[in-house]
Amino acid sequence: MPNDRLGLPLTTTEDAALAYVDGVERMLAAWPGVHERLSAAIELDPEFALGHAAMARYLAMQGKVAAAQDAAMSARTLAQRSTRRERQHVECIALLVHGKPGDALRAVHEHVEEFATDSLALSLALGAFGLLAHAQDLHDEVAVDVGVGGAGAKRGRAAAIRLDQ
């Protein structure tokens with residue numbers, strides 16, 4: 001089973017994983033080619049839930065809400081056969097693209113407690129395109145710790161979101 005760049009396993013083929021990782025990195029860096037790389041990941045493995053979830057996130061960022069929701073629904077269906085981490089990851093994105101930013105932020109918080117290096121899920125709560133812009137009532141108590149010691153550091157980086165209220 002291939003892994004992403006931070007060591008999280010991906011339930012897909014090696015080629016689809018490479019395309020997915022490249023697409024996600026491009027999305028997080030706001031580089032061109034996101035749609036092409038995520039489309040390639042989906043074409044290489046049409047049953048790869050995270051490929052569909054990442055496409056849902058990308059489409060939502062492009063303002064293509066109906067297409068994003070369709071991709072999120074596909075991801076949810078496919079994730080039923082995935083790992084728990086992948087199911088949680090998909091659910092974070094699906095909640096967001098279905099117009100539930102508060103629920104999505106709570107899901108991200110729970111998810112990164114265990115999977116701190118899941119960068120796409122974590123990105124939902126950070127930055128200009130993150131949920132912080134959409135969940136004002138929740139974001140004041142969000143703290144991000146990057147590079148802390150412990151198990152996360154052994155994976156190369158750790159990040160955690162803490163919601164105190």
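H111 touches R85, Q88, H89, C92, D118 and A121, leaving aside residues up to four places away in sequence. H111 itself lies in helix α6, which covers residues 101-114. With a relative accessible area of 0%, H111 is buried, because the cut-off for that class is under 20%. The model is predicted. Its chain holds nine helices and two strands, and 46% of its 165 residues are buried.

**Chain overview**

- Read from the N terminus, the order of the elements is α-α-α-α-α-α-α-α-β-α-β.
- Counting contacts between residues at least 6 apart in sequence, 52% join residues at least 24 apart.

**Helix α2 and its cover**

- Helix α2 spans residues 34-44, and its buried residues are V34, L38, A40, A41 and I42.
- The elements that cover these buried residues include α1 (14-29) and α3 (49-61).

**α1 against α2**

- The axes of α1 and α2 come within 8 Å of each other, and the angle at which they cross is roughly 155°.
- α1 is therefore roughly antiparallel to α2, since angles over 145 degrees fall in that class.
- The crossing in which α1 passes α2 is left-handed.
- On the α1 side, the contact is made by D15, A16, L18, A19, Y20, D22, G23, V24, R26 and M27.
- On the α2 side, V34, R37, L38, A40, A41 and L44 take part.
- Sorted by class, the residues of this contact between α1 and α2 are 11 nonpolar, one polar and four charged.
- Among the α2 residues in this contact are V34, L38, A40 and A41, which are also buried.

**α1 against α3**

- The axes of α1 and α3 come within 11 Å and cross at roughly 25°.
- This angle makes α1 roughly parallel to α3, because angles under 35 degrees count as such.
- α1 and α3 also cross in a left-handed way.
- From α1, the residues Y20, V24 and M27 make the contact.
- From α3, the partners are L50, G51, A54, R57, Y58 and M61.
- The contact of α1 with α3 consists of seven nonpolar residues, one polar residue and one charged residue.
- Y20, V24 and M27 of α1 contact α3, and these residues belong to the contact with α2 as well.

**S82 in a loop**

- S82 sits in the loop that runs between α4 (65-79) and α5 (84-97).
- The relative accessible area of S82 is 12%, so S82 is buried, the limit being under 20%.
- Apart from residues up to four places away in sequence, S82 touches T11, A49 and R87.
- The side chains of S82 and E86 are joined by a polar contact of 3.3 Å.
- S82 and F48 are 34 residues apart along the chain, and their C-alpha atoms are separated by 8.5 Å.

**Two buried residues in brief**

- H111 belongs to a helix, α6, whereas S82 belongs to a loop.
- H111 has a relative accessible area of 0%, and the value for S82 is 12%.
- The residues touched by H111 include R85 and Q88, while those touched by S82 include R87.

Definitions and conventions. Residues numbered from 1 in each chain as written. Predicted model: local features only at pLDDT ≥ 70, side-chain atom pairs only at ≥ 80, totals over all residues. Heavy atoms only, no water. Helix = DSSP H or I, 4+ residues; strand = E, 2+ residues; numbered from the N terminus. Buried < 20%, exposed > 50% of the residue type's maximum accessible area, 1.4 Å probe, protein only. Contact = heavy atoms within 4.5 Å. Polar contact = N/O pair within 3.5 Å; in protein donor to acceptor, adjacent residues only side chain to side chain. Axes fitted to C-alpha atoms, helices over the stretch in contact; angles between N-to-C directions. Parallel < 35°, antiparallel > 145°, perpendicular 65-115°, else oblique. Left-handed = near helix turned anticlockwise from the far one by under 90°. Nonpolar A, V, L, I, M, F, W, Y, C, P; charged D, E, K, R; others polar.
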